[in-house]
Amino acid sequence: MLDNLPLVLAILLVALGVRLTEAKSFQAMLFLTANLGFFFWYWMPSIQVVNFPPRSLLSSFTIRDDIVADAAWVVLLYHFLTVVTIILARPLLTRPLKKQSIELSVGVMAWSIVASTFGVFVVRFATEGSGVLLDILAGRSTSREFLTYYNISEGATQSLLALWDIVNIAISVFLIAFAVNRSKLLSFHGALVSFALVLSFLGSGTRSILVLGIFAVMAGFLFRPAEENGGGPKKSGLRYIYLTFLGGVVGLASTGIVARFTVFRNEEGDFISNTLFNNNDMFRELVFIKTYMMNYAPHDVGREVYNFLQTPFSFILPRFLGFDKEIPDHLISFNQLRANINLLSGQGNVFPGLVGDFDMLFGVAGPVVFAAFILAFGVAIRSVSSWIPSQSAMMAFWITMCANLLISFRNISGSLALIALLLLAVIALWSYVVPRPRQAVA
């Protein structure tokens, strides 16, 4: 069985890059996101595939040593070109900004997002009765028992409900990052927005929502400006009350996780192994592609590439209302072969992972196109955020978009463009409506 040399080289590559990357800049944040994406979705599960080949969670297939080795080196090439591109693109990603610093209050936003999230929660399960809502909150049931996951929207109602949910999640993650940046996560409003995100998780049963929140907290602390470190709540008894409140929110998330793995046993193994090695195992999907889809050729290369590049924008086009959403042919072929799922008429899906996507569509040119894709994302986010009038809001915007990029390593997020435009609109409205003091910043 293949040794772990590609993984070791990847770690050394990251160690070198960290010293070359400017701290607390968008370049550093994009660098962190790309590396976390490769490690969480590919390198971490590869440890199990390489050393302790697992039985497939979907359908068993022969895991050949030579193909595993080939897949590992392919991932390393994608990883290498991506981080080198980010490092060399420093002039594009770290240009200094002169702007006005605006102090924004999170209070109204916190209450609004809690109310909106609870609204989705109630509407989504209205036909099931109030008892179901209480059972989900108490951990006696899980939302996945009552939800149906369609690949193509059944109509405008389902589409708009999905959009409403996306809006709530994006704003919740943004507000969490904003609160951390302002040293106010341990506050009443910080706990409120955390509760809103957990409520979204309970209403969907999708663990990626929690990953978004964890990334927001982690990146918020790592990239918090030094001058803001002392700006948090005073150390008083209230701080411990807020900590208790936040602990209750974490406990509520735990009930959803327990329900997912006890009440609704749709996955093998426990939560930790599934989260760290199985559910995130895009490396094994790449091995599957290398084993069974080596001769795959797009039916129409131009159309497939167009569909793939269009995916991040699909939620802001009129077709979002549900009547003609295109699915790239390579995803249809992969799902049919991998799990006998017809994406056009069936329910549920499996993902080849972002590297698998690029490998099927672009072949040997995949690593270069992938690096260009990550760079284009970074330049676009860095550019459109230049007008945001608050340093903390700009940092929270960066964190929210990078969190969604991290999730996109599993499957490219169909709401990337929507989330960017949505947050920019929210920040503009927030800055205009909420009274605030200004202070010039060099």
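This is a predicted model: local features need pLDDT of at least 70, side-chain atom pairs count only at pLDDT 80 or more; totals for chains, interfaces and linings use all residues.
Among contacts in the protein between residues at least 6 apart in sequence, what percentage join residues at least 24 apart? The value is 81%.

## Overall composition

The protein has 442 residues, of which 53% are buried. Its secondary structure consists of 18 helices and 2 strands.

## Helix 7 and helix 9

Two packed helices are described by the angle between their axes and the distance between the axes. Helix 7 covers residues 156–181 and helix 9 covers residues 208–222; their axes come within 8 Å and cross at roughly 25 degrees. Angles under 35 degrees count as roughly parallel, and helix 7 and helix 9 are therefore roughly parallel to each other. Their crossing is right-handed.

On the side of helix 7, the contact is formed by I169, V173, I176, A177 and V180. Helix 9 contributes I209, L212, A216, V217, G220 and F221.

## Helix 7 and helix 17

Helix 7 also packs with helix 17, which spans residues 391–407: the two axes come within 8 Å and cross at roughly 130 degrees. An angle from 65 to 115 degrees would count as roughly perpendicular and one over 145 as roughly antiparallel. Helix 7 and helix 17 are therefore oblique to each other. Helix 7 passes helix 17 in a right-handed crossing.

Here helix 7 supplies A170, V173, F174, A177, F178 and N181. The partners in helix 17 are S392, A393, M395, A396, F397, I399 and T400. This contact divides into 10 nonpolar residues, 3 polar and no charged. V173 and A177 of helix 7 take part in the contact with helix 9 and also in the contact with helix 17.

An α-helix has 3.6 residues a turn, so residues three or four places apart point the same way.

The side chains of D165 and R124 are joined by a polar contact of 3.1 Å. When its neighbours within four places in sequence are left aside, D165 is in contact with V120, R124 and S200.

## Helix 12 and its cap

Helix 12, residues 282–292, is mostly covered, with 9 of its 11 residues buried. The buried residues are M282, F283, R284, E285, L286, V287, F288, I289 and K290.

Which residue caps the N-terminal end of helix 12? The cap is D281, with a side-chain oxygen 3.3 Å from the backbone nitrogen of F283.

V379 belongs to helix 16, which runs over residues 366–384. Its relative accessibility is 25%, so V379 counts as partly exposed.

V379 and L93 are 286 residues apart in sequence, yet their C-alpha atoms are 6.3 Å apart in space. Apart from its neighbours within four places in sequence, V379 is in contact with L92 and L93.

Definitions and conventions. Residues are numbered from 1 along each chain as its sequence is written. Side-chain values use heavy atoms; hydrogens and water are left out. Axes are lines fitted to C-alpha atoms, for helices over the stretch in contact, and angles run from 0 to 180 degrees between N-to-C directions. Helices (H or I, at least four residues) and strands (E, at least two) are DSSP runs, numbered from the N terminus. A crossing is left-handed if the near helix is turned anticlockwise from the far one by less than a right angle, and right-handed if clockwise. Contact means heavy atoms within 4.5 Å. A polar contact is a pair of N or O atoms within 3.5 Å; within protein, one must be able to donate a hydrogen and the other to accept it, and residues adjacent in sequence count only if both atoms are side-chain atoms. Buried means under 20% relative accessible area, exposed over 50%, partly exposed in between (1.4 Å probe, protein chains only). Ala, Val, Leu, Ile, Met, Phe, Trp, Tyr, Cys and Pro count as nonpolar, Asp, Glu, Lys and Arg as charged, and the others, Gly among them, as polar.
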